[in-house]
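Please find below a note on the model under review.

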Amino acid sequence: MAPQDERPAKAPPITISAQVFREIVGALGAGLAGYGAWLHYPPAGFMVGGGVLVGLAIVGTLRGSA
């Protein structure tokens with residue numbers, strides 16, 4: 001047995017970068033928007049999801065060409 005005064009080493013804190021946090025929140029937001037639209041009218045959920053993907057493709061194209 002280990003003596004009482006010895007304690008295990010502390011684990012390093014979990015860190016997440018701001019960019020990864022923004023991407024996770026954005027993906028969750030897009031998913032919730034699509035799900036909410038689907039609850040109202042099922043085909044609308046697919047339209048919202050498709051619109052988000054088209055928007056991301058346009059933004060990615062504009063940022064990539066600069």
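Predicted model: local features only at pLDDT ≥ 70, side-chain atom pairs only at ≥ 80, totals over all residues.

1. Trp38 counts as partly exposed because its relative accessibility is 40%; the class lies between buried, under 20% relative accessible area, and exposed, over 50% (1.4 Å probe, protein chains only). Tyr35 falls in the partly exposed class at 48% relative accessibility.

2. Residues are numbered from 1 along each chain as its sequence is written, and side-chain values use heavy atoms, with hydrogens and water left out.

3. A search of the whole structure gives 1 aromatic pair. Tyr35 and Trp38 form this pair, which is stacked, with 6.0 Å centre to centre and 25° between the planes. Rings of Phe, Tyr and Trp (its six-membered ring) pair if their centres lie within 6.5 Å; planes under 30 degrees apart count as stacked, over 60 as edge-to-face and the rest as tilted. Both residues belong to helix H1 (residues 18-40), where they are 3 residues apart, about one turn of the helix.

4. The protein has 2 helices and 0 strands, where helices (H or I, at least four residues) and strands (E, at least two) are DSSP runs numbered from the N terminus. Its radius of gyration is 22 Å, well over the 11 Å that the globule rule gives for 66 residues, so the protein is more spread out than a compact globule. The radius is taken over C-alpha atoms, and the rule is 2.2 Å times the number of residues to the power 0.38. Along the principal axes, the C-alpha atoms fill a box of roughly 65 × 40 × 15 Å. Buried residues make up 6% of the 66 residues.

5. Tyr41 is located in the loop between H1 and H2. At 48% relative accessibility, Tyr41 counts as partly exposed. Its C-alpha atom is separated by 27 Å from that of Val59, 18 residues apart along the chain.

6. Which helices supply at least two residues each of the lining of the largest pocket? They are H1 and helix H2 (42-64), and H1 gives the largest share, 6 residues. Among the lining residues are Gln19, Arg22, Glu23, Leu56 and Arg63. A pocket is an open set of points on a 1 Å grid over the protein atoms alone, where a 1.4 Å probe fits, with protein on both sides within 12 Å along at least five of seven lines; lining residues have an atom within 4 Å of a point.
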